Structures are given as structure tokens and as C-alpha cells.
Amino acid sequence: MNKKSLAIAILAAGKGTRMNSSIPKVLHKINNKPMILSVVELSKELNPEKLITIVGYKKNLVMETLKNNNIIFVTQKEQKGTAHAIQQCNKELENFDGNLLVLSGDVPLITKNTIDSLLSAHCLNNSKASMLTTLFKDPTGYGRIVRNSNNKFKKIIEHKDATNEELSIKEINAGVYIFDSKTLFKKIDLIKNKNTQKEYYIVDIFNFLNSDEISVFRTKNSTEIAGVNTKNQLLKLSQ
């Protein structure tokens, strides 16, 4: 197994407009704890060499919440998508040679066991990029995992860009990735924003890799990767 140094980047720059709230989405609480704090606590269990949080909307509130956690903060001044967010980490990671784990600050129930399994698959296969997936009965809003005739990963299609046939796919992108850092930053500028949202999606990096360089780990525990976009979803995850 190719065990490399680990860095972690947490996406936490967005406002979360569907929350209908003036505070950043990642600061909404589940079980009396800000969502992002749960993600940070998990990250620290993994003993990363670098722990980076990408902030933007009302960043001072997020930074104050996470103070004293030995976090490197970088700012995404304009929210132009997840790839654009990761590009803001370039300076902090330019001399880093290892794996970069990308987590979302609004996915607070993810477990160390699942991350360890994804990381093991990534290292065992000596992959350049790996992703976490799961099956949802109602995958509305999530990117779908499109597989080829041999059931191997083919591509990810965002919900808003999917055809009716692709929308029927139940396997979704959980938004958790591991990349070989050097490969990622070598190819990230190839990503374009030719999509409905005009955003730069980090998942598009998989389009520039060979299939044998990619690992996919599908977790059976779909609840742990449920993201929060609305107050109703927040309430459900708190129960």
C-alpha cells in the first residue's frame, strides 16, 4: 500500500441561500454543534500534515468558531465552484507531495471508518483520484455516478446537467474526494465552467484521468454523507 502524507481541505465558503438564514450554512447546528466543527473534529482524528478550511461568506464568523484548532484558513472571495475553491489552496500546497482529502463543511455525519476505507482503496490501488459514493432512494440534487457496460466508473454528471436517463441513476457522488495533490494541481486548470451553473466543479478533474487511475468506494451507510441545504434537512439529520 502506497501510504503518503495527508492534507485535508474543507469546503466552507458558501452562504447556503436555501437555508434562508443570515449565518453561513456550515455554522448551523446539529446536535448542538456547528456542522463544520464536527467535520474539523473528524479531520483532526486523521492526523493530517495540513488542515485547510476554505472560507468566504462571513468568513470571520467561521474562523471565530474554529479558532484554536490549528487550521490554515484560505479565502474564496467569489464562490465560483468547488474547483475554484480548491485552487485557493495552491499556495499552501505547492510544496506538498501527498494525498489531499476534500471534505464539505455541510456533511457533518461522515465517519472516520468510511474515510479510512476510502483512503485505503485509494492507496491500495495507487490511484490519482478517488471518490466516495452511495445509493439514495431519492437522489434529487446530487451528481450521479455514470458507469460503463462493465460497471466501471465512466463520469459524474451534475443533477442540473443530467438527461432524464441519467436522472434515474440512484448512485450519487457524496462530495468526498482524495487526490494525489501534485496531479490535482497539474490538471485543475483544465476544468472549464461549461455547465448550467457556470461553475468550476472539482469532480470534472476525473474527466482528465484514465479510468485505471481512479478508485470508487461506495458506502452502504447513506445517512452519514447526507448534506444539508435546507432547514428541513437540518432537522432530519438532528433527529
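**Aromatic pairs, cores and a hairpin**

The count of aromatic pairs in this structure comes to 5, and the model from which they are computed is a predicted one. In one of these pairs, the ring centres of Y177 and F206 lie 6.1 Å apart with their planes at 50 degrees, so the pair is classed as tilted.

*Aromatic pairs*
- The pair links distant parts of the chain, since Y177 belongs to strand β10 (residues 171-180) whereas F206 sits in the loop between α7 (181-187) and β11 (214-218), 29 residues apart.

*Nonpolar cores*
- The largest nonpolar core has 33 residues, of which I54, I86, F179, L184, I188, I202 and F206 touch the most other members.
- At least two residues of this core come from each of β1 (5-12), β4 (50-55), α3 (82-87), β6 (98-104), β7 (129-135), β9, β10 and α7.
- Beyond its neighbours within four places in sequence, I86 is in contact with A9, L11, I54, L100, V102, L184, F185, I188 and I202.
- A second, separate core holds 32 residues, including V55, L66, L118 and I178.

*The hairpin of β8 and β9*
- Strands β8 (residues 144-147) and β9 (residues 153-157) pair in the antiparallel sense over 4 bridges, and I145 has I156 of β9 as its bridge partner.
- There are 5 residues between the strands of this hairpin, in which N151 takes a positive phi near 65 degrees.

Notes
Residues numbered from 1 in each chain as written. Predicted model: local features only at pLDDT ≥ 70, side-chain atom pairs only at ≥ 80, totals over all residues. Heavy atoms only, no water. Pairing = 2+ DSSP bridges. Phe/Tyr/Trp six-rings, centres within 6.5 Å; stacked < 30°, edge-to-face > 60°. Core = buried A, V, L, I, M, F, W, Y, C linked by side-chain atoms within 4.5 Å. Buried < 20%, exposed > 50% of the residue type's maximum accessible area, 1.4 Å probe, protein only. Contact = heavy atoms within 4.5 Å.
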